[in-house]
Amino acid sequence: MNDISAKIVSALKGVLKETYDLDAEAGILNIEIPKDPKMGDYSSTCAMRLAKTLHQNPKMIAETVAEGLKGKLPEAETIEIAGPGFINFRMKKSALASVINTILDAGDSYGRNNTGEGKRILVEWVSANPTGDLHCGHARNAAWGDSICRLLEASGYDVLREYYVNDAGNQIVMLGESLIARYFEYFGKEYPLPADGYHGQDVKDIAIGLAKQDGDKWLTADSKERLEYFMTEGKERELQKIDADLKLYGVLIESWVHETLFYENNRARINACLDRMNELNLTYEKDGALWFRSTEYGDDKDRVLVKSDGTLSYMTPDIANHVYKVERGYTHLVDLWGADHHSYVTRMKAALKALGYPEGTLEVDLIQMVRMVDDGVEVKMSKRTGNAITIRELCEDVGVDAARWFFVSKDVATHMDFDMKLARSRSNDNPVYYAQYAYTRMFNILHKEGTPEFRREADYDLLNEEHETEMLKLIAEFPKIVAESAKNRTPNRVCNFCQQLSREFHSYYNSCRVSDPENPELTNQRLGLVSAVMVTMKNALDLIGVSAPEKM
RNA sequence: GCGCCCGUGGCGCAAUUGGAUAGCGCAUCUGAUUCCGAAUCAGAAGGUUGUGGGUUCGAUUCCCGUCGGGCGCGCCA
């Protein structure tokens, strides 16, 4: 909500109270920008929304409300009724332009809002097994999650960015065995490489690194001790690479929670969960295994917690993981999982519900599959390594900005083809550059030799072009867009916003000259507008992890 | 078979969360640089929102059916 629409809302609220003795809720008073600017700058649908409760024709309500608004909204130039009961407001130019100073005062923090204040939210994402490099399937997850965190932070939430490291399962044993095999190979010795082990070049490289660092002492070492060592080293080195690749990709993780944490002290945290579940009569024994009665909480079958051989199913430590999040004071949990794990959502929600946490504690965004396509052909493997294309390769190939824009601009609920040829192209086909080019154009205007220095004004009354009005309305919407994108976790809307603002600006640039020596007054006001648009654009791009270049 | 997700111009995506004549890019056609960078702009053409019903002032959006595509239905992780 910006200053202007806030004023409209409060005026409407007052009138509804006076004439109908009605305390209208926020949803009813929602202010919109009409698609067609001819309708007005802002519009309210409250008359239509109230038709039922007031038992009146929406058009009549609209007329009554418009009548009541007379003299109460000095910022409005005209208030008109249209269609089935829209109330359309055309604002005075100076009222719309007041947002310029608001933005220039706020600077980097323009767009920040307090809609999430007091809410503690833990976002867990990426969470790939530390057994290999992150590939482009993870890249969609990583970009989306990071943008969600940026949006939540900008909206005042207390956010923790977390990565869950699956380092307790059999896959780490396989990693250790695979490394040992490659280590032996380096010294020309035989050691069986497990069939379901890791055969890629990346694992080989780690083994070679260890061989160079430690020499051949592990060839003859105690086998148990050796496996322990290669597992730990392998995991650590894989995690370092993952961390480095995420940083390269502009993704920040603050907290790494290892699955092994829950196994510490004889499974202390896991057993505490299991004890709680037993006490609540949520479990039973069958065929030598311990089961969770998840069907009583909406699942289609009961799930095994402790297998008949005494080891734990994947879910069990993960329940402890989620309990641990809540224990640290996070009341809202968000997980980003691959869509192939969708059945797991019901299971985990069931567990949390059964343990007594309120409904809605956990929300899961499922990320649909990505196909990498280059020039119309699906690319399954990287030519260089024989494995899936890694995030690092993707960044080197198409650039961080293009990669992140492409992944964030499409709703993760839809299947996606990532067009590498398009992402790579430095041409007008590529939507990233459209937005970035708008930014460099603005920068150029302001920093061109001979452009006078902008002086802040009390009133910007000369900005009468239609494009100017449209841009003012758009940049005024930005904090609302940030707030809603954070709440709904839809960073793709920020991409749309960047596109829209760029389009408006490019169009303006071609129809009006900003810097006009003949008219210093108008020039100064336009410089103010361009500065404000520039601040907004930079902040918007930052939310999706895309840079705002001054030169291209 | 059951469950979850997705169907919007030729292609890729939007649509202010139920609002007005469904928008944008690519591709196609026509134009625009003596002037802040043409990685740009202006215009034309292109649609029964997969399909059939329902809910209401109003549906791309919500509900039910149906068709098509993807994914999942382990004491794997």
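Asp105 is exposed, with a relative accessible area of 54% (buried denotes under 20% relative accessible area, exposed over 50%, and partly exposed the range in between, for a 1.4 Å probe and protein chains only). In this predicted model, local features require a pLDDT of at least 70 and side-chain atom pairs count only at pLDDT 80 or more, whereas totals for chains, interfaces and linings use all residues. Residues are numbered from 1 along each chain as its sequence is written, chains are lettered from A and ligands numbered from 1 in the order in which they are written, and side-chain values use heavy atoms, with hydrogens and water left out.

The side chain of Asp105 meets that of Arg456 in a salt bridge with an N to O distance of 2.7 Å (a salt bridge being a side-chain nitrogen of Lys or Arg within 4 Å of a carboxyl oxygen of Asp or Glu). This pair links distant parts of the chain, as Arg456 lies in the loop between α17 and α18 and Asp105 in helix α6 (residues 99–106), 351 residues apart. Helices (H or I, at least four residues) and strands (E, at least two) are DSSP runs numbered from the N terminus.

Across the whole structure, 38 salt bridges are found. Another of them is formed by Asp542 and Arg150, whose closest N and O atoms are 3.6 Å apart. Here too distant parts of the chain are linked: Asp542 belongs to helix α20 (residues 520–543) and Arg150 to helix α7 (residues 136–154), with a separation of 392 residues. Asp542 is partly exposed, at a relative accessible area of 46%.

Asp243 is partly exposed, with a relative accessible area of 22%, while Lys247 is exposed at 54%. Elsewhere, Asp146, Arg150, Glu153, Arg161, Arg404 and Asp542 are joined into one network by salt bridges that share partners.

Chain A is divided into domain 1 (3–91), domain 2 (170–233) and domain 3 (427–543), with bounds that come from an automatic or database domain assignment. Between the C-alpha centres of domain 1 and domain 2 the distance is 71 Å.

Of the atoms of RNA strand B that come within 4 Å of the protein, 61% belong to sugar and phosphate. By class, the surface near RNA strand B comprises 22 nonpolar, 23 polar and 17 charged residues. In this classification Ala, Val, Leu, Ile, Met, Phe, Trp, Tyr, Cys and Pro count as nonpolar, Asp, Glu, Lys and Arg as charged, and the others, Gly among them, as polar.

Elements that each supply at least two residues of this surface include α3 (46–54), β4 (86–91), β9 (289–292), α13 (342–354) and α17 (431–447). The largest share, eight residues, comes from α19.

Polar contacts are pairs of N or O atoms within 3.5 Å; within protein, one atom must be able to donate a hydrogen and the other to accept it, and residues adjacent in sequence count only if both atoms are side-chain atoms. A polar side-chain atom of Lys35 is 2.7 Å from a phosphate oxygen of RNA strand B. Sugar or linking oxygens of RNA strand B are approached by a polar side-chain atom of Ser343 at 3.4 Å and by a side-chain N or O atom of Lys448 at 3.3 Å.

Strand β3 (residues 76–82) runs antiparallel to β4 and is joined to it by six bridges, pairing being assigned if DSSP finds at least two bridges between two strands. Ile79 has Phe89 in β4 as its bridge partner. Three residues lie between the strands of this hairpin, in which Gly83 takes a positive phi near 55 degrees.

Positive phi values also occur in residues other than glycine. For His55, phi is near 55 degrees. His55 is located in the loop between α3 and α4 (58–69) and is exposed at 71% relative accessibility. Asn281 has a phi near 60 degrees and lies in the loop between α11 (264–279) and β8 (283–286).

In the loop between α13 and β12 (362–367) lies Thr361, which is buried, with a relative accessible area of 7%. A polar atom of the Thr361 side chain is 2.5 Å from the backbone oxygen of Pro358.

Technical notes: A residue is near a molecule or strand if one of its heavy atoms lies within 4 Å of it.
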